[in-house]
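Dear colleague,

I am handing over the structure below, and would be grateful if you could look through it alongside the notes that follow.

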Amino acid sequence: MLGTDATCFGSEVSLVDPKSKTLELRTTNLTLHDYLSIDETLVYSPHPSNKNHTLLKQEASINVKGLPLSGYLEGVVVGNIDNNAGKGRQAMEWAISNIKSEMEELAKTAQTVSLTAQKELTKTMQFIDTEPYC
């Protein structure tokens, strides 16, 4: 938030709308909220003309209360938000890449299991056809 390594706390609400295929994240800081409030909203949505792309709309509202140099503090916070925005996109791309890899591996495993089951079923049917009934 202010470029410090100290632990800070926040609250985030995630809203997923499967119908419109959107993900909305609403975050607010809890640490120092009486002096500095930051409300951020991120909305991920499908690109209207390219199904392989995702749009990200990011908005932040910063309010410094009762502190001197409020304009300076707001500038510092805006700079940190800008720096962290790239990290958030990288994290989302990493998560999507991992999910894709896991899904591809799951599909391969399912296909292998299916082929194995088909072969075993064929063997069983052949065995039943060749063995005399008691």
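The largest nonpolar core has six residues in all, namely Leu36, Ile38, Ile62, Val64, Val77 and Ile81; such a core is a set of buried Ala, Val, Leu, Ile, Met, Phe, Trp, Tyr and Cys residues joined through side-chain atoms within 4.5 Å, where buried means under 20% relative accessible area with a 1.4 Å probe and protein chains only. S3, S4 and H1 each supply at least two residues of this core, with helices (H or I, at least four residues) and strands (E, at least two) taken as DSSP runs numbered from the N terminus.

Please bear in mind that this is a predicted model, in which local features need pLDDT of at least 70 and side-chain atom pairs count only at pLDDT 80 or more, while totals for chains, interfaces and linings use all residues. Residues are numbered from 1 along each chain as its sequence is written, and side-chain values use heavy atoms, with hydrogens and water left out.

The strands form an open sheet of four in the order S1-S2-S3-S4, with antiparallel pairing, two strands being paired if DSSP finds at least two bridges between them. S1 and S4 are the edge strands, each pairing on one side only. Between S2 and S3, which run antiparallel, there are six bridges, and threonine 27 has glutamate 40 in S3 as its bridge partner.

A pocket here is an open set of points, on a 1 Å grid over the protein atoms alone, where a 1.4 Å probe fits, with protein on both sides within 12 Å along at least five of seven lines, and its lining residues have an atom within 4 Å of a point; the volume is the space filled by probe spheres set on the points, which are joined across faces, edges and corners. Of the 19 residues that line the largest pocket, Tyr44, His53, Thr54, Met92 and Ile96 lie nearest its centre, and H1 gives the largest share of the lining, seven residues.

The second largest pocket, with a volume of about 620 Å³, is lined by 23 residues, and those nearest its centre are Thr27, Ile38, Glu40, Ile81 and Asn84.

With best wishes

Key:
Buried < 20%, exposed > 50% of the residue type's maximum accessible area, 1.4 Å probe, protein only.
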